[in-house]
Amino acid sequence: MIRRLSELVEESKANIRGGHGVARGVDFLKDGEMSGIVSMGRTTLEPGSTIGEHTHPSTEDLYLILEGRGIGILNGEQFPLGPGDLFLVRAGGTHGLINDSDSPLTFLGVLTRQTIAT
(Lines give C-alpha, C1' and ligand atoms only; values in the text may rest on other atoms or scores of the structure.)
Protein backbone atom coordinates (compact mmCIF):
# COMPACT_ATOMS: atom_id res chain seq x y z
CA MET A 1 0.00 0.00 0.00
CA ILE A 2 1.18 3.49 -0.85
CA ARG A 3 -0.53 6.64 0.33
CA ARG A 4 0.37 10.05 -1.01
CA LEU A 5 -0.60 13.10 0.97
CA SER A 6 -1.40 14.91 -2.27
CA GLU A 7 -4.11 12.32 -3.00
CA LEU A 8 -5.79 12.42 0.42
CA VAL A 9 -8.70 14.66 1.37
CA GLU A 10 -8.26 17.05 4.29
CA GLU A 11 -11.44 17.51 6.32
CA SER A 12 -12.44 20.27 8.69
CA LYS A 13 -13.64 19.22 12.13
CA ALA A 14 -15.21 21.33 14.88
CA ASN A 15 -15.42 20.78 18.63
CA ILE A 16 -13.52 17.47 18.66
CA ARG A 17 -14.43 15.23 21.63
CA GLY A 18 -16.25 18.05 23.39
CA GLY A 19 -13.44 20.54 22.83
CA HIS A 20 -13.89 23.80 21.00
CA GLY A 21 -12.65 25.47 17.87
CA VAL A 22 -11.65 24.18 14.47
CA ALA A 23 -9.20 21.52 13.34
CA ARG A 24 -8.16 20.13 9.98
CA GLY A 25 -7.30 16.49 9.52
CA VAL A 26 -6.31 13.86 7.03
CA ASP A 27 -6.57 10.10 7.59
CA PHE A 28 -3.59 8.02 6.47
CA LEU A 29 -4.99 4.70 7.72
CA LYS A 30 -8.50 3.61 8.60
CA ASP A 31 -9.82 0.63 10.54
CA GLY A 32 -9.01 -2.68 8.85
CA GLU A 33 -6.16 -1.40 6.68
CA MET A 34 -3.37 -2.46 9.09
CA SER A 35 -3.50 -5.05 11.84
CA GLY A 36 -4.08 -3.51 15.27
CA ILE A 37 -4.55 0.03 13.94
CA VAL A 38 -7.97 1.65 14.23
CA SER A 39 -6.80 4.90 12.62
CA MET A 40 -3.74 7.01 11.93
CA GLY A 41 -3.91 10.62 10.82
CA ARG A 42 -2.49 14.09 10.91
CA THR A 43 -4.52 16.76 12.68
CA THR A 44 -3.90 20.50 12.88
CA LEU A 45 -5.53 22.46 15.70
CA GLU A 46 -5.99 26.13 14.93
CA PRO A 47 -4.88 28.64 17.59
CA GLY A 48 -7.17 28.51 20.62
CA SER A 49 -8.71 25.17 19.57
CA THR A 50 -8.86 22.10 21.80
CA ILE A 51 -9.56 18.40 21.80
CA GLY A 52 -11.69 17.78 24.86
CA GLU A 53 -10.41 15.41 27.52
CA HIS A 54 -11.98 12.03 26.80
CA THR A 55 -11.68 8.38 27.88
CA HIS A 56 -10.32 5.47 25.87
CA PRO A 57 -12.08 2.44 27.41
CA SER A 58 -10.66 -0.19 25.03
CA THR A 59 -8.19 1.60 22.74
CA GLU A 60 -4.82 3.29 23.12
CA ASP A 61 -3.96 6.61 21.47
CA LEU A 62 -0.58 8.15 20.73
CA TYR A 63 -0.02 11.81 19.80
CA LEU A 64 3.31 12.85 18.26
CA ILE A 65 3.64 16.64 18.01
CA LEU A 66 4.98 17.61 14.58
CA GLU A 67 4.72 21.43 14.66
CA GLY A 68 3.61 24.08 17.11
CA ARG A 69 3.21 24.19 20.86
CA GLY A 70 0.41 23.50 23.27
CA ILE A 71 -0.74 21.79 26.45
CA GLY A 72 -1.31 18.05 26.70
CA ILE A 73 -3.70 16.51 29.19
CA LEU A 74 -3.07 12.95 30.36
CA ASN A 75 -5.26 11.45 33.09
CA GLY A 76 -6.09 14.95 34.36
CA GLU A 77 -2.48 16.21 34.44
CA GLN A 78 -1.50 19.11 32.15
CA PHE A 79 1.98 19.55 30.65
CA PRO A 80 3.62 21.64 27.88
CA LEU A 81 4.25 20.06 24.47
CA GLY A 82 6.35 20.98 21.44
CA PRO A 83 7.75 19.43 18.26
CA GLY A 84 9.05 15.90 18.79
CA ASP A 85 7.12 15.34 22.03
CA LEU A 86 4.92 12.28 22.25
CA PHE A 87 2.31 11.17 24.73
CA LEU A 88 0.30 7.99 24.96
CA VAL A 89 -2.98 7.22 26.69
CA ARG A 90 -3.46 3.59 27.68
CA ALA A 91 -6.82 1.84 27.63
CA GLY A 92 -8.93 3.16 30.50
CA GLY A 93 -7.11 6.50 30.62
CA THR A 94 -8.08 10.00 29.52
CA HIS A 95 -6.38 12.62 27.39
CA GLY A 96 -6.92 15.88 25.52
CA LEU A 97 -4.97 18.63 23.79
CA ILE A 98 -5.03 22.44 23.97
CA ASN A 99 -3.52 24.80 21.44
CA ASP A 100 -2.92 27.83 23.64
CA SER A 101 -0.51 29.43 21.15
CA ASP A 102 -0.90 31.91 18.29
CA SER A 103 0.19 29.30 15.70
CA PRO A 104 -1.30 26.03 14.44
CA LEU A 105 -0.47 22.83 16.38
CA THR A 106 -0.02 19.75 14.18
CA PHE A 107 0.25 16.17 15.44
CA LEU A 108 0.21 12.60 14.20
CA GLY A 109 -2.37 10.49 16.01
CA VAL A 110 -2.31 6.69 16.09
CA LEU A 111 -5.30 4.88 17.60
CA THR A 112 -4.80 1.17 18.32
CA ARG A 113 -6.83 -1.66 19.71
CA GLN A 114 -5.87 -2.66 23.22
CA THR A 115 -3.74 -5.77 23.18
CA ILE A 116 -3.99 -8.36 25.93
CA ALA A 117 -0.72 -9.97 27.01
CA THR A 118 -0.72 -13.78 26.95
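Guide: A salt bridge here is a side-chain nitrogen of Lys or Arg within 4 Å of a carboxyl oxygen of Asp or Glu. The model is predicted: local features need pLDDT of at least 70, side-chain atom pairs count only at pLDDT 80 or more, and totals for chains, interfaces and linings use all residues. Residues are numbered from 1 along each chain as its sequence is written, and side-chain values use heavy atoms, with hydrogens and water left out.

Visitor: How many residues apart in sequence are the parts that R113 and D31 tie together?

Guide: The side chains of R113 and D31 meet in a salt bridge, 2.2 Å from N to O. R113 lies in strand β10 and D31 in the loop between β2 and β3; strands are DSSP runs of E, at least two residues, numbered from the N terminus. The separation in sequence is therefore 82 residues.

Visitor: Is R24 buried, partly exposed or exposed?

Guide: R24 forms salt bridges with E10, at 3.5 Å, and with E46, at 2.0 Å. Buried means under 20% relative accessible area and exposed over 50%, with partly exposed in between (1.4 Å probe, protein chains only). At 31% relative accessibility, R24 therefore counts as partly exposed.

Visitor: Which residues are linked with R24 in a network of salt bridges?

Guide: R24 sits in strand β2, while E46 is in the loop between β3 and β4, 22 residues away. The network also takes in R42. Besides R24, its members are E10, R42 and E46.

Visitor: Which strands stand at the edges of the open sheet?

Guide: Four strands form this sheet in the order β4-β9-β6-β7, with antiparallel pairing; two strands pair if DSSP finds at least two bridges between them. Two of the four have a single partner strand each, so one side of each is left without a neighbour in the sheet. These edge strands are β4 and β7.

Visitor: Which residue in β7 is the bridge partner of I73?

Guide: Five bridges join β6 (residues 70-74) to β7 (residues 77-81). The two strands form a hairpin with two residues between them, and N75 in the turn has a positive phi of about 50°. The partner of I73 is Q78.

Visitor: How many residues make up the largest nonpolar core?

Guide: A nonpolar core is a set of buried Ala, Val, Leu, Ile, Met, Phe, Trp, Tyr and Cys residues joined through side-chain atoms within 4.5 Å. Among the members of the largest one are I51, Y63, F79, L81 and F107. β5, β7 and β10 each supply at least two of its residues. The total is 12.
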